[in-house]
Structure formats: structure tokens, C-alpha cells
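User: I'd like to go through this one with you. Could you show me how to read its features?

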Amino acid sequence: MKFVRNDGSKKTVVPPGAELVLPPEIGGLKKPVTRSRNLRIFPDSLFISESLMDKFVIRGGNPLVGNVRISGAKNAALPAMAAAILTDEPVILENIPDVRDIQTERKLLVSMGAEVELGYGRAAHRTTISCKNLVNPEAAYELVKTMRASTLVLGPLVARMGRARVSQPGGCAIGARPIDLHVKGLERLGATIRQEHGYIEATADRLRGGHIIFDKITVTGTEDLMMAATLAQGETIMENCAREPEVVDLAALLTRMGAKIEGAGTSTVRIHGVEKLHGARHRIIPDRIEAGTFVIAAVLTGGDLTLTNCEPTHLGALIQKLEECGVKITAAADSLRVTNGHQLIAADVTTEEYPGFPTDMQAQYMVLATQAQGTSIITENIFENRFMHAQELVRMGANIKVEGRRAIVRGKTPLSAAAVQCSDLRASASLVIAALVADEETIIDRVYHIDRGYERIEEKLKGVGAQIRRIGEILPRRAAAPSVVA
Ligand code: EPZ
């Protein structure tokens with residue numbers, strides 16, 4: 001099909017297999033069109049990385065009915081990929097989610113000299129990482145600014161290479177999120193740290209075991225230092241550790257690699273350092289936050305949904321809270337079923353470290369509170385600025401008042417379709433749920449946030465009856481118009 005210039009108001013369906021030829025000023029790359037896209041092309045338009053401008057259009061009111069397979073956990077896969085730095089032998093990880101943050105981690109490891117093979121077809125969720133020839137122990141600002149979890153390479157690089165240069169992550173939509181506890185911990189393991197020009201430079205001939213008491217419970221801080229301590233001389237004792245399932249999963253992988261770790265999943269973790277670690281194969285745990293997101297979507301759409309490939313025991317606090325709200329959930333070994341017919345009653349919630357109520361489910365729970373009879377008080381204890389979704393929900397008709405770290409939600413209020421925009425990963429999930437509940441068609445902007453941590457969410461939702469589609473948008477800016485060659 002030959003592409004014909006148009007006036008930008010008309011949409012052109014570009015069939016799969018066609019090729020977009022981008023203008024020379026953006027590299028003149030040839031981009032295969034992987035799926036039919038509704039593209040609105042403006043005359044003389046210049047491409048902005050189109051997926052960054054994707055939107056969701058959701059028509060609400062359809063109950064979610066059927067089965068959804070839960071993907072592997074992003075927050076377990078990221079530290080597991082960083083752990084591969086600790087050995088010169090291949091590490092094979094299975095059940096890796098196909099999300100944007102995994103691609104960023106892959107770019108990061110490759111930029112250091114690692115070989116990262118992402119499987120495809122039946123092996124699509126497997127990755128093989130070899131850090132045999134790491135030449136550049138650096139995590140550059142360009143990557144760290146797109147994903148703070150990039151800082152998880154700090155400990156493994158110092159432990160294995162004796163040096164690391166990692167960009168400071170900078171601010172984040174949900175809070176300041178410093179990594180001072182990572183740095184303090186490394187200093188307690190004998191590393192020399194210099195911080196200049198926005199980078200942390202850490203060096204050590206060999207780390208030595210030490211005693212670390214975290215001022216605050218930190219998930220990636222616990223993971224980063226646990227990895228560093230595996231190759232340290234002697235024993236390390238870490239206290240006030242995070243107990244998240246992702247920390248336990250990382251310890252399981254490290255143990256398969258030959259590490260000596262006790263107490264992962266409790267507040268006190270002991271690591272006996274070893275000379276060398278070897279390769280291993282490990283299956284990443286299911287994503288408890290993706291599962292929780294689908295549970296709330298099913299409850300609010302009055303659906304009958306079964307989640308497979310999930311780990312109900314990791315969702316204890318959420319399930320207990322939903323039962324308090326009047327929801328009936330049936331759990332089996334690796335599946336969860338949510339059936340409809342609930343009269344939701346309001347219940348307060350406070351986010352805590354695991355096993356408390358997860359902060360990564362707070363935004364999704366807020367949507368549920370808008371549909372419950374009564375007043376719910378939501379207290380966010382972990383991050384200081386994690387209510388960005390509240391105003392977008394108010395735009396859809398919710399009754400929410402934010403006072404510092406508390407949000408007062410009065411329900412039940414009908415939600416009406418509106419144009420809204422995402423500000424961070426979990427806020428985007430809450431807007432998708434709200435749109436599934438609202439009347440008519442909601443347009444959600446900046447869904448690139450959701451692609452960071454949810455694997456093909458629109459296809460999974462469509463598969464159980466949701467009316468959702470992704471549309472791409474190209475912003476007009478002076479440049480040569482593209483041409484499409486079928
Ligand atoms: C992890 O972030 C998760 N990310 C987050 O998920 C999750 O929200 C968070 O833990 C809490 O559960 C990954 O695992 C990749 P923290 P992390 O260090 O480790 C303060 C998502 O949506 N702190 O446990 O960065 C910090 O500011 C993401 O998937 C320091 O002050 O969180 C926060 O207030 C969002 N200094 C608190 O501790 C430090 O050095 C907990 O943060 C480290 C943390």
C-alpha cells in the first residue's frame with residue numbers, strides 16, 4: 001500500500017508487515033509495523049517515538065469474565081538480572097515479563113559489555129545473561145533517569161569488578177527516593193565512595209563482611225547489599241531488612257549461584273561471603289501487583305475472573321482488606337478466583353512494608369474506595385507524593401480529598417468518562433480500572449507509564465471482555481512527511 005499525504009484529521013490504518021520509513025532527521029530508520037495501527041498523520045509531521053504517545057481508549061461497563069495468566073514479577077526480574085553481574089558464567093532466568101523496564105535493564109547490561117539473550121516464541125519469557133566480559137562498570141544517567149532500579153547494579157559491580165560508576169537517580173513522580181542507604185551500606189562493607197557530577201563512584205579491592213542496620217526498610221537497598229555481600233570477605237549481618245517476596249526470590253537465585261544466605265524474608269539476613277559464584281537457572285515468581293490489579297478490576301466490573309500462574313500467599317494483606325470490604329475471593333495453589341455480586345463497604349487502609357498493605361496497590365485500591373459505601377481513609381506511609389492519580393479520578397467524578405499523606409474517599413460515586421493522563425506506573429493502572437467502571441469512553445494519555453510494568457495489559461483485558469484499544473499519536477512539528485512501503 002502506498003502512503004498518501006493527508007490533512008492529518010483522517011486516520012490511516014497501517015497494516016502489519018508494512019514499513020514506516022522515517023525522515024532522515026530522525027535517522028531515516030525503516031521501522032517494521034508490528035501491528036495494525038490507527039495513526040493520525042499531520043502534514044510535515046515529525047515522529048516522536050510513537051509508543052511514547054500511545055493512549056488507551058476504554059469503553060466502560062463490561063464485566064471481566066474468564067482467565068488471565070499473570071506474568072513474572074518485574075520487581076523480582078530486575079534484581080535477578082543485576083545478580084548475573086556477580087558471575088562470569090551464564091545465568092538463565094525464566095518467567096521474565098515482557099515489559100519496558102526489562103528492555104531498559106537489558107540495554108544497561110549490554111552497555112557494560114554483557115551478552116543478554118531474550119528468548120522469543122515459546123522461550124519468549126526466558127533470558128540468558130552472560131557477564132563474562134564486563135568492560136564498562138557504569139550505569140549512565142540516560143538509562144538511570146528512565147528507571148531508578150538501574151541502581152541495583154551498584155553492589156554487584158563493586159563486589160565483582162572492584163569498581164562502579166552509577167548515576168544518581170534524581171527525583172521521581174512519587175517521591176524523593178534517595179539511595180543514601182545503599183551507599184551507607186556499601187561503606188560499611190569497606191567500599192570507598194565519591195559522589196560528584198551526579199554520579200556515585202565506588203571502589204574496593206575486595207568488600208569485607210560487616211554489620212548493617214538499615215535506618216529505614218528499603219527493598220532495593222536490601223537486595224543491592226545482599227548481592228554485594230555474597231562476594232565479600234567474611235560474614236555480613238543486615239538488620240531491619242525488607243521482607244518482600246522479591247527479596248526472597250533474589251536470595252533463592254543467589255543461593256542457586258552458590259551464595260550462602262540465611263534469613264531472607266525476615267528482618268535479619270546473614271550472608272557468608274564466598275570467593276566466586278557460578279551460573280544458574282531460575283524461575284522468577286509471579287507478579288503479585290499485576291495480580292492485585294486484575295483482582296480489583298474484576299471486583300469493580302462485577303466480573304467472574306480467574307487469575308492463573310499467580311501466588312495467592314503473596315497477596316495476603318490485599319485479600320484480607322478486600323474481604324473486609326465484602327469481596328469474596330477463592331484462592332487455590334497457583335490461582336485466584338473473584339466472583340461478582342459484591343456490595344462494597346468502605347474500609348480504611350495504610351500502606352506498609354511487606355507483609356503489610358503494599359504501596360503499589362494503593363492507587364488501585366483508591367478506585368475501589370470510590371465505589372464503596374461510606375468513607376475510606378487511605379494513608380500512604382512509604383512515599384511522600386503518591387496521590388497523583390487522585391485528581392485524575394476526581395476529573396472522572398470521584399469524591400476524594402487529599403491532605404498530605406492521607407486521602408479521604410467518599411463513596412459510592414458513579415464515574416464518568418473523561419480524558420485523563422498517567423503520571424506513574426501504578427497511577428496508570430488505577431486509571432485503567434476507573435475507565436473500565438465508568439460510563440462511555442475514557443481516553444487515557446501517556447500509557448507508556450503502564451508499559452513499564454504491565455505486559456500487554458490491553459490484550460489481557462480484551463481477552464476477558466474489556467473494550468479497550470491502544471491508539472498512537474504523532475505530534476505535528478516541522479519536518480519531512482514519512483512514507484509507508486507495504
Ligand atoms: C521498591 O522500590 C519497588 N521497586 C517499588 O515499586 C515499591 O513501591 C517500593 O519498593 C516499596 O515497596 C522495585 O523493586 C524495583 P524502597 P525501592 O527503597 O526499593 C526511602 C513499582 O511500582 N529510601 O523500599 O526504590 C524511600 O524514599 C515500584 O513497581 C531512602 O530514604 O523502594 C521510600 O520512602 C514503584 N533511602 C522508602 O525508603 C534509600 O536509600 C522505601 O523505599 C532507599 C529508600
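Analyst: Let's take the overall makeup, then the ligand, then a helix and the cores. This is a predicted model, so local features need pLDDT of at least 70 and side-chain atom pairs count only at pLDDT 80 or more, while totals for chains, interfaces and linings use all residues. Residues are numbered from 1 along each chain as its sequence is written, and side-chain values use heavy atoms, with hydrogens and water left out.

User: How many helices and strands are there in the protein?

Analyst: Helices (H or I, at least four residues) and strands (E, at least two) are DSSP runs, numbered from the N terminus. Here you get 14 helices and 29 strands.

User: What percentage of the 486 residues count as buried?

Analyst: Buried means under 20% relative accessible area, exposed over 50%, partly exposed in between (1.4 Å probe, protein chains only). In this protein 54% of the 486 residues are buried.

User: Which residues are closest to the ligand?

Analyst: A residue counts as near if one of its heavy atoms lies within 4 Å of the molecule. The ligand has 21 residues around it, and D180, T218, T220, D360 and I382 are the closest. Helix α5 (180-188) is among the helices that supply at least two shell residues each; with three, α5 gives the largest share.

User: Which side chains put polar atoms by the ligand's oxygens?

Analyst: Look for polar contacts, pairs of N or O atoms within 3.5 Å. K74 has a polar side-chain atom 3.0 Å from a ligand oxygen, N75 has one at 3.1 Å, and for R426 the distance is 2.8 Å. Accessible areas come from the Shrake-Rupley method with a 1.4 Å probe, and the protein covers 89% of the 830 Å² that the ligand has on its own.

User: Why is helix α6 largely enclosed?

Analyst: Count its buried residues: nine of the 11 in α6 (residues 219-229) are, so the rest of the structure largely encloses the helix. Among them are G221, L225 and M226. At the helix start, a side-chain oxygen of T218 comes within 2.9 Å of the backbone nitrogen of G221.

User: And which residues does M226 touch?

Analyst: In soluble globular proteins, nonpolar side chains tend to be buried together. A nonpolar core is a set of buried Ala, Val, Leu, Ile, Met, Phe, Trp, Tyr and Cys residues joined through side-chain atoms within 4.5 Å. The largest one here has 75 residues, with M226 among those making the most contacts inside it. Counting contact as heavy atoms within 4.5 Å, M226 touches M238, V247, L250, A251, L254, I261, V269 and I271, leaving out residues up to four places away in sequence. A second, separate core of 68 residues includes C310, F357, V464 and I468.

Terms used:
A polar contact is a pair of N or O atoms within 3.5 Å; within protein, one must be able to donate a hydrogen and the other to accept it, and residues adjacent in sequence count only if both atoms are side-chain atoms.
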